[in-house]
Amino acid sequence: VTYRSAVACAAYRAGEKMKDDRYEKTHDYTKKHNVLHSEIIAPQGAADWMTDREKLWNGVEAGEKRKDAQLAKEALLILPRNLTVDEQKEVVRGFIQENLTRRGLVTDYAIHAPDAADGEKNPHAHVMFTLRPAEGQGFGKKLTGYKNGGLDGVEFLQELQLSYEKHLNDASEKAESEIRFDLVKHRDLQRRKTLDDRYHQPETNRPTPVWHIEKRGEPSTIGQARRKAEQQNFAASAQSDHKYYSAYNQLTYLAAKGVDHVRDDLAHKYYEVMYGAEHAYGGKDQEQNQSWYDR
């Protein structure tokens, strides 16, 4: 998430009043009533000032030179109603320590519980975390990127999902509840296919990376398989539709002809009413060209 002001977002999440040094503005969200808890969790060895919310996010903003720099990321965690607030805190803390602070990232989280549509509460946690690990009295190099476990990669997202699923189920079991959570398995099994599946059962559309590979003149096994599947699908469709082709064309022709007749009748009726029958039908005898109502 690219925040224009990390200070403003942190103040809103925590329901606090904070001064933004970069924009010389004070953000006051102390009237926000659905904040149950807010807390900063810093990794071991981080500077003491990083546990102060205002100093933390002003420091994050001061460390970035570009105006459009990405300042932080946020994970939205839906919390189950069968857990108490203290149990929800433990779930979020365990998730943060396992996935974020072990990477050296400073994390600021807040638990909200607004009213839901069914009249109950909708507890959830906003987890903001820095992109740079804490090093000495400041921050180190950004851990963003799509490869090698970077914070923008699919591997990192899957790791967060699996970790949170485990923490939720452990907490539910500890609370002696029969509710269990499955956040990843079914959805990902249907949505994500392996490379081998794509080769043997290719889709007809080519993804952008394949298109770029073939544009450079390099061979693409997936692209060839997809084109072959497209030709096979087209041939099968043409063969199955052959016996219906003539009837379909005839129906289409008749439908179009009927629409044209209706349009002509409406146009003639309009001119008959506005200018008289002799103008509507080209001056011919009215008995030979009956009106729209007679026909």
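Predicted model: local features only at pLDDT ≥ 70, side-chain atom pairs only at ≥ 80, totals over all residues.
Reader: Where do I start? How many helices and strands does the protein chain have?

Author: Welcome! The protein chain has nine helices and eight strands. Of its 295 residues, 36% are buried. Contacts also tell you about the fold: among those between residues at least 6 apart in sequence, 56% join residues at least 24 apart.

Reader: How do I read a sheet? In what order do the four strands of the open sheet stand?

Author: The general idea comes first. Strands of a sheet pair through backbone hydrogen bonds, either parallel or antiparallel. Here, four strands make an open sheet in the order 3-5-6-4, with antiparallel pairing. Strand 3 (35-41) and strand 4 (72-78) are the edge strands, each pairing on one side only. On average, neighbouring strands of this sheet are turned by 15° against each other, direction ignored.

Reader: Which helix packs on the sheet?

Author: That is helix 3 (residues 85-99), which touches strand 3, strand 4, strand 5 and strand 6 (124-130). The direction of helix 3 makes about 155° with that of strand 5.

Reader: How many bridges join strand 3 and strand 5?

Author: Strand 3 and strand 5 (residues 107-112) are paired antiparallel over six bridges. To find one of them, look at Ser 38, whose bridge partner in strand 5 is Ala 110. Next, strand 5 is joined to strand 6 by six bridges, again antiparallel. There, Thr 107 has Phe 129 of strand 6 as its bridge partner. Finally, strand 4 and strand 6 run antiparallel and are joined by seven bridges. In that pair, Ile 78 stands opposite His 124 of strand 6.

Reader: What about the side chains of a strand? Are the faces of strand 6 covered or open?

Author: In a regular strand the side chains alternate between the two faces of the sheet. Both faces of strand 6 are covered.

Reader: Now for helices. At what angle do helix 3 and helix 4 pack?

Author: Two packed helices are described by the angle between their axes and the distance between the axes. Helix 3 and helix 4 (residues 154-174) pack at about 145°, and their axes are 10 Å apart. The crossing of helix 3 with helix 4 is right-handed. From helix 3, the contact uses Val 91, Gly 94, Phe 95, Glu 98 and Asn 99. Helix 4 brings several residues, including Phe 156, Leu 160, Tyr 164 and Leu 168. The residues of this contact divide into seven nonpolar, four polar and two charged.

Reader: Which residues have the most contacts inside the largest nonpolar core?

Author: Look for Leu 77, Val 92, Ile 96 and Val 127 in this core of 23 residues. Strand 4, helix 3, strand 5, strand 6 and helix 4 each give two or more residues to it. Helix 4 gives the most, with five residues. Take Leu 77 as a case: leaving out residues up to four places away in sequence, Leu 77 touches Val 92, Phe 95, His 124, Ala 125, Val 127 and Tyr 164. There is also a second, separate core of 18 residues, and Val 7, Ala 11, Met 18 and Leu 71 are among them.

Reader: Is helix 1 mostly covered or mostly open?

Author: Helix 1 (residues 6-14) is mostly covered, with eight of its nine residues buried. Among them are Ala 6, Val 7, Cys 9 and Arg 13. Just after helix 1, Gly 15 has a positive phi of about 70°.

Reader: And a loop residue? Where is Trp 49?

Author: Trp 49 lies in the loop between strand 3 and helix 2 (53-62). With 25% relative accessibility, Trp 49 counts as partly exposed. Trp 49 and Gln 137 are 88 residues apart in sequence, yet their C-alpha atoms are 8.5 Å apart in space. Beyond its neighbours within four places in sequence, Trp 49 contacts Lys 55, Leu 56, Gly 59, Gln 137, Gly 138 and Phe 139.

Technical notes: Residues numbered from 1 in each chain as written. Heavy atoms only, no water. Pairing = 2+ DSSP bridges. Axes fitted to C-alpha atoms, helices over the stretch in contact; angles between N-to-C directions. Contact = heavy atoms within 4.5 Å. Buried < 20%, exposed > 50% of the residue type's maximum accessible area, 1.4 Å probe, protein only. Left-handed = near helix turned anticlockwise from the far one by under 90°. Nonpolar A, V, L, I, M, F, W, Y, C, P; charged D, E, K, R; others polar. Core = buried A, V, L, I, M, F, W, Y, C linked by side-chain atoms within 4.5 Å.
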